[in-house]
Structure formats: C-alpha cells, structure tokens
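Here is a friendly walk through a two-chain structure, meant to be read with the sequence and the coordinates side by side. Have a look at the whole thing, then follow along below.

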Amino acid sequence: MGRVSAVWRRAVGSVVLPLLAVLLATGPSGLAQNLVEFESRVTEFSLDNGLKFIVLRRPEAPVVTCFTHANVGAVDEVTGLTGLAHLFEHMAFKGTRTIGTRDPEAEARALAKIDEIFEAIRAERLKGGSADEQKLAELQSRLAEAQEQAQQYLVHDEFDEILKRAGGVGLNAGTSSDYTVYFVSLPANKLELWMLMESDRFLNPVLREFYNEKDVVMEERRLRTETQPVGKLLEEFLAAAYKAHPYGQPVIGHMSDIEAVTRAQAEAFFRTHYVPSNLTVAIVGDVDPARVKTLAREYFGRIPLRPAPGPVVTVEPPQPGERRVVVEDPAQPFVLIGYHKPSIQHEDNAVFDAITDIMGSGRTSRLYRSLVKDKRIAMATSGFQGMPGQKYPGLFLFYAMPARGHTNQECERAIYDEIERLRNEPVSEQELQKAKTRARAALVRQLDSNSGLAEQLTFYEVLTGDWRNLFQQLERIDRVTAEDIQRVARACFTTKNRTVGIIETMAGENES
Amino acid sequence: MRSQRVCHLSPVLCAVAVLFLAVSPVTAQRATDHMQLKYPSLRDVVVPEVQRVTLSNGMWLLLLEDHELPLISLSGRIRVGSIYEPADKVGLADITGEVMRTGGTKSRTGDELDDELEQIAASVETGIGQDSGYVSVSVLKEDIGKGLGILADVLMHPAFRQDKIELAKMQHRSAIARRNDSPRSIASREFDKLIYGPESVYARHTEYATIDSITRDDLVAFHKRFFGPNNMMLAVWGDFDAQEMIARIEKAFDGWEKIDLDLPPSPEVDYAWRATVNLVARGDLNQSNIYIGHIGGRMSDPDYAALTLMNHILGGGFTGRLFKNVRSRQGLAYSVFGTYATRYDRPGVFAMGCQTKSESTVHAIEAIREEARKMTQEEVTDEELELAKDSYLNSFVFNFDSTGQIISRLMTYEYYGYPPDFLQQTRERIEKVTKADVLRAARAHLRPDVLQILVVGRPEDFDRPLSTLGEVRSIDVTILPPGK
C-alpha cells in the first residue's frame, strides 16, 4: 500500500488488530519484571455514570495520549442504516453546542430548516420511478441555499483547531465492526483541555454540516471500496460469509444507506449507543493519576447515566456447505479464504494466536515458506484471526496474491495443503516455542508507545472485560500445546465451514 | 444541562472569572469554555546527550543509552542508492539491498538467518532506497551479540545466492503486473514522471526488461562499490553501556576494509516550467484521482521556515484551507492534500490533489487551484499564522518523545550535511516568520499560472471536458511486455 501525503483521518475498517501477546515462562527474568512493573503503574476507576478510566503513568517524556474507546461499531447497525457508526465518528469532529459555532440558537434554526428540506427530498426519492424530477431539482437547490445560510454561523473545524493549537498531534479516530476509537496525543500540561473537549463532544454534540459530511463519506466509500479491487472483494466476501450476523455488513455502509440517512437518525444512534457505560478512556503518559481522577469527575461526570443497549442477539448459523464469491475486475488475481471461529472470549483464542504465528507471520511462517519461498507461486500470503471483528464469532482468514503467471487456484490448493498438514500432524516443538517467544517480544516492544498502550488497554478492557488480559494473555499462549493446535485446526478448518472469495482478472486495460 | 458560557458575556467578566478560578483554594472547578483554561507550565524536556564516535575503520557511530526496556536497536545508513544504478537495470539497487539479507552470507543461508533470528524474536534487515542504504537491527538486550554478528556478516560477506535473486526478481515482476491495480498508485507514479521527467533517476521505475537484465554479477559489483565501513553511519540506542557497545561494534566489524569514495552527488533537477493537462483514462472508475503541481524545493532554502508554515495553512491536516474548503465545506473529497515538499539534497514536488467522484472532477481541480492562487495573492490572516505557529511550537515536544527518533534524526542530518541543531534553528526561524514572509515565500516558490494537472479517471463522466483547462495529453500506462 503506497503512502499518500494525505489526510487519513476517520479511517474505516479494522484500525486496531489485537496484539499477539505471548509470554515465554522460561524467558529471561528481566522481561517478566518489566511487565509486573508496568502493571503496577496502572490505576483505574469508574465514574458514577458508569464511564471507566484506565490511567498508566509513563513519565519518560512530558506528553500524554488520550484515547476513548466507544463500545459501538458497525455491528450495532440495522438494515437500512448501515454506515451510521462510522458516519457518527466523522460527525464527532464537527463540534458541540459551544465549539464550532458563532450563534448556537440561530444555527439550530438553520439546521432544522436543512433537515426539513432533506426529509422532503428523501420522501420524494423513495417514490422511486414515480419521483417528480422537477420537484427534486427544486428541493436540491433549496437545500444548497439552506446549507449556505447555515455556513454563516459556522466556525469551520474549530474542534480540530483548538487541539492542534494546543500542540495536539495524531488527532484521529477509527471505526471497526466492533468499536469506534477517538485519540490524540498532547503536551502533558494540556490534559484539562482534552477533558473539556472530549466530554463536551459526548455530552453536547451538534451534527452540523451533516449533509456535506455524507458526501465526504461517499467519496471515502469510492476511495476504499469501489475503486480498490481488494476492498471490493472483501465486501463481497464478508457478505457471503455472514447471512444473518451483522459482521456481514460493510463498516463504511452501503451507498444507498449513506445517501438516505437523516440527521435525526444519526442523533438517535448517538443517544442509544454513546451512553457513559459504553465509553472507556485510557490516559497514558506523564500525568498524575489523582489529578486525572479529579478532572474526570468534573468533566465526564456531567454526562447523564443512560441504560446501555444490549449486545447483538443474532447468531450466525453453521454453514451448510462451502460458499464462494467472485469479483470480476481488470485487476490481478487475489484469493481470500475464511473459516468461522469463536470470539475472543473463547478459551481457544490463544490457540488461534499461535496458529496465526505459525501459519502467517514472517519469513519462517509455513505459508510464506511454501507459497513464496519454495513454490514461488505467490508474491504475498498470510493467515490471521480478527476479521471482521473479535467481539462476536469472527473469521480466521487466509489470503494470497498470486505471483505473475500463477493463479488463484494454485495458491488456494497450496494453502489447503498447509491447512491439511496442520490438521494431520502436530506442529514441532521448535515452531511452538518460536511463536511464544515472538509474541512475548512483540508485547515488550509495544510497551514504549503511549498511543499503542492506550489502544491495547482499552481493547482488552472492553472486549475481554479486563485490561490485565493484555498481560495475562501471555500465560494463556504459553499453555498452548501441539495437540491444542491440531484439535482446533480439525474443528475449524473444514470445507463446510469455509468461504472463498477471488478476484478473477477480466480482459482489461491494466496489463497488455 | 445547559453550559454557562461566561466568556461570551463580556471580556471583563471573563477576566474576573478566570482570576477567581485561579485563586480558588477548593477543588478544581470545571471550565465551561476552553479559553478559560490555565495550563501549568510544561516541564522541560531533557534532551539526552548523544555520544559520537568515529571508529578506526572510518565508521561513524552515534550512541544513546535508554534503560527503560530490555531492548537494543540499531539503525544505519550507507551512501548508496538507486540513483547510482544504470538505466537499463532499474531495480538493481533494491534487489541488492534485499538479497544481501535474504541470500545469506558465506557461512549461513538466508533461511538459516531467518530461523536463527525468529527463534529469538529479533530482526536484522537491509535495504537500498533512492539515495540511501538502510540497515536495522532490533534485539532483546541479551541477544545483541547475535544480532550484531549477523548484521556484520550480512554487510561484509553477503553470498547473493541465486535462488533468492530469482525470488526477488519474481516479486518485482509480480509488482509490475499489479502496478495499475490501484488508481492512487498510478496517479502518484505518473505525476512524479511529469515533474522530474520519465527518465529521471527520481521518477523512473522498473520494467520487465530492466529486471530481466539484472545478474548476480551486477549485485556483487554494486555491493563491492558501495559497502565499506567508511561509507556507513550507525546509530545505536537502548539498554547497554556505551563504552562496552563501542568495543563490541569495533570487534564485530573487525577486518572490514575501507573502500574508495568517489561518489558523485545526487543529480540536479532541470525543471522546465510548463502548464500541462494530462489524463490516464480508466473506464472502470467512478472516482478521479487528481494531482496538481510543479517542482518543489530544498530544506536548506532560506524560506524553509516560511514554507513550513505556508504548508500548514494550505494543506495542514484537518485545519488547512484545502481541508476546509474542498472537504468540509463542499464535501468534494475524503482525502485532500497540498504540500510544497522540500527535501534534503534535491528539490521535492509541490503537489496538491484529491480523489473526487467523476462528476465533480473539473470543479475540484478549479477549487484546489484557486487555493494555490490565493496563497500567492494575499497575505494569510493573523489567525491562520497564529494557528500554524502555535501548532508547530506547542507540538515541538513530540520531536523528543522517543530515543530512536532523536538519534535517527541526528544521523539523517549528518548524512545530508545539515547542522545537528537544524531542528532548533528551524524552530527559532518559525517564531520570527511574519505574514509578509509567508506571502513572499509563496510568491517565490508557487507558480499557480504554470501548474501541471494529472487526472486518472473516466472522462465520459466528468462535469466538464478536461480540455476546458488546456490541451489534454493522454498518458498510456500499458505495461510493456517482457523483451520490449
């Protein structure tokens, strides 16, 4: 993926893949001490309204990362309203009753007028073939006029400006199937500013410029999905893998849903899901935990207690047989293979982590060794868990990018060969040890980044019920045996449980 | 609950309120407006002392102890690059950099190195970019001997085994076959060619023919010419004792012979100013990728500080003019950018652009172009300049929040011949920049009348023909088959 000097904010997709955390019991004692020492620097508390804080003091540099994990994602959307979690994430940067406006009362009236016109457009459009095109055109021009009117009360992007002026860096957010995260790093003396801004954002958000932002999100959809062959494939693939559970819905949403959604619907989504007990905050850096607590009470304590919505009730039924999807495109071939697996809470989760390492991580992984090094039929290949999410039963995903002159079929066959090996023979002690050592080292390497730690602490707290699992997960992986891997591989990697998606290259203009 | 907005009542009341908050002895009072907040002063950043040593073999070393975690990292630069490879062997530098590591050493195959390193969760990597070679090592501290040994072996005795050369060439050929799969990468690649020229070492790229012509002898000769201790810098940071580390490195590279250094500097860029309109037509797209710009500048330019602030105001993240007008106000794009890029040793590229639906292509081009024009026509506002400066100065502390960043920056400055305090100098200059300076710098460096425009998209669906912007040149991105 090329780096573009552009704005990658408000990203969609799985922004946060969980760390493969493993501890090798026989490893150097210094590492275990490091982890214990780290744990001792964490303090946690909950406010009366249910909002939870995790504070990790890291005084190395006078900076702090502030990270909010909202327990709401695309999985919480219903038919007709896909993309709403992500759209709200964009709107959370549009300001509050006091930030982003010159005159909140006059603005509120102007926004209500825009809503009214849009509702009329929406109603007319829904008539389908019998929609009055002339009436629509007229309404569209009235909408543009009303939007222009509302601009006069606007202070553009003030929320961003205030934090940027204070020295904020990395201000951004991301939405996945499972959750939505908001984050920024600041000079440590600006903690209170963040408290004020972030609490206001979830107490008094004003969804101004809503209909312009829908246009932005539609461009994002074109950018990520409609003009990116692999993005297109992934959307089709997930829709095939899930016929009942909302993991089959695209995080960015369907184009027609983005087009039709109203501001009132976005506000209702916010009220339902952004309740204090659905928010978990991590503060990592050069801060005094007692002061964090005082400020948190002052600012976030204002958010009224509201009941949290329940989890998704739909359970994906077992597949009656293999599912396959094809995307015809001028692009080069690509193959995706997914198997349904349990959620992160399942006791076998650590076994899947070990399988990820052995099958898919690095030059010594089985897939790379076979498809790239030995057979030279793929330019890239891997296998990992976590798509499209981990809160509910997700997928273990394999993929390969066939080398020039080689096919999806060859790569698919070679991946199945490796899967068969995993099912039929126990992995070697050496491979298992390597997986454990590498995961332990990966965790230690993550301990020197405020933002990485903030992300991980909230991830484990919300998805597993306790941030300590970031560390305890290591012990679980250490207990994984070769028999566990074989047992899990046999149960999970079956033909019946499989979905396959491929890009089939059509005669196009891409290659002569 | 309705918030009270004290500051909006009157400046006097506001001042009283702030005073009250400041002297209030009881628990913290919640501010209702960010303007009321008073910030404690930020504690001083202690910039650690970096130790510099030149070894007897000519290798230039930087060391920084950091005992927080039991890890050691190394990062090195070698003066080499694809700018030195012949035009009919584009890809040679990259393949040499890769196979040095994957092809193993005289005593161990690359696969054996992989096994050895992954068992201890360590990494040793090498690579060659456009104007610099890179090495990196990351190990748990007890494994430093092993990591350093492998690094030295790879640098001094690479075996360039044939199977890994073939593997690297396969990867390159596959990448060529896939290079038109992403419209974004087509746009950035073709735009570089428009700016630097298609034959330029700064823009040219691999073809099947250039990959096919690369042999093992080429790799061996390329390595021999550039890799020697006196052509290398190495930065080391982490949990070690500096004196001990110097001795270890000296020993690891013992016997590595100096090489003759007669490298030409990076080639100059001879830019011909011209306004052009270019199209890569792709019938399967519903969104256009747009690039607009011309040649950029160097970081050593006296206007660098003013240009840095101009970039903040024009295209800086979520608060620049382009973001405000093209994204927030008009909803034309998700990603919009605009930067007058400066590089250490040769001119960068001034590039603005976005991705927008086919139906708003020409409108978006005009909206973006207008921002460049405005930048050269009138002074920025006080608020804009203040925001850009505050943002730069208040976030300055993030230049020092990791040891790896501090030491790598010093090495980069040294590599390109910049003073070690270049960052501090820039900061001082930034503080002094005025609105007039920004306008003067914009006028000296931006030429909105001679912009080159590139669109990758489906012209049938554009809002207006691209030809309304000028004569359209069509770019053929068909991949040349092998042997051509």
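## A loop residue to start with

Ala121(B) is found in the loop between helix 3 (110-119) and strand 4 (123-128) of chain B; helices (H or I, at least four residues) and strands (E, at least two) are DSSP runs, numbered from the N terminus. This is a predicted model, in which local features need pLDDT of at least 70 and side-chain atom pairs count only at pLDDT 80 or more, while totals for chains, interfaces and linings use all residues. Residues are numbered from 1 along each chain as its sequence is written, and chains are lettered from A and ligands numbered from 1 in the order in which they are written.

Ala121(B) has a positive phi although it is not a glycine, and so does Phe160(B). Phe160(B) sits in the loop between helix 4 (144-156) and helix 5 (162-177) of chain B. The table puts the two side by side; a residue is buried if 20 or more other C-beta atoms, placed from the backbone, lie within 10 Å of its own, exposed if 12 or fewer, and partly exposed in between.

| Residue | Phi | C-beta neighbours inside 10 Å | Class |
|---|---|---|---|
| Ala121(B) | near 50° | 25 | buried |
| Phe160(B) | near 45° | 21 | buried |

Chain A has a backbone feature to look at as well. The peptide bond from Met387(A) to Pro388(A) is cis, with omega near -10°, and Pro388(A) belongs to the loop between strand 10 (378-387) and strand 11 (395-402) of chain A.

## Strands of chain B

Strand 1 (residues 51-54) and strand 2 (residues 60-65) of chain B run antiparallel and are joined by four bridges; strands pair if DSSP finds at least two bridges between them. Within this pair, Arg52(B) faces Leu62(B) of strand 2. Five residues lie between the strands of this hairpin, and Gly58(B) there takes a positive phi near 100°.

An open sheet of six strands in chain B has the order 10-12-8-13-7-14, with mixed pairing. Strand 10 (336-340) and strand 14 (472-474) of chain B each have a single partner strand, so one side of each has no neighbour in the sheet. On average, neighbouring strands of this sheet are turned by 20° against each other, direction ignored. Strand 7 (residues 276-281) of chain B runs parallel to strand 14 of chain B, with three bridges between them, and Asn278(B) stands opposite Arg473(B).

## Where the chains meet

Helix 7 of chain A packs on that sheet, touching strand 8 (287-295) and strand 12 (349-357) of chain B, and its direction makes about 95° with that of strand 12. Such angles run from 0 to 180 degrees between N-to-C directions, and axes are lines fitted to C-alpha atoms, for helices over the stretch in contact.

How many residues of each chain are in contact with the other? For chain A the number is 77, and for chain B it is 78, where contact puts C-beta atoms, placed from the backbone, within 7 Å. Helix 7 of chain A gives the most to the side of chain A that touches chain B, with nine residues.

## A helix pair in chain A

Helix 3 (residues 104-125) and helix 4 (residues 133-151) of chain A pack at about 160°, their axes 9 Å apart. The two are therefore roughly antiparallel (over 145 degrees).

Key: Two residues are in contact if their C-beta atoms, placed from the backbone, lie within 7 Å. Angles under 35 degrees count as roughly parallel, over 145 as roughly antiparallel, 65 to 115 as roughly perpendicular and the rest as oblique.
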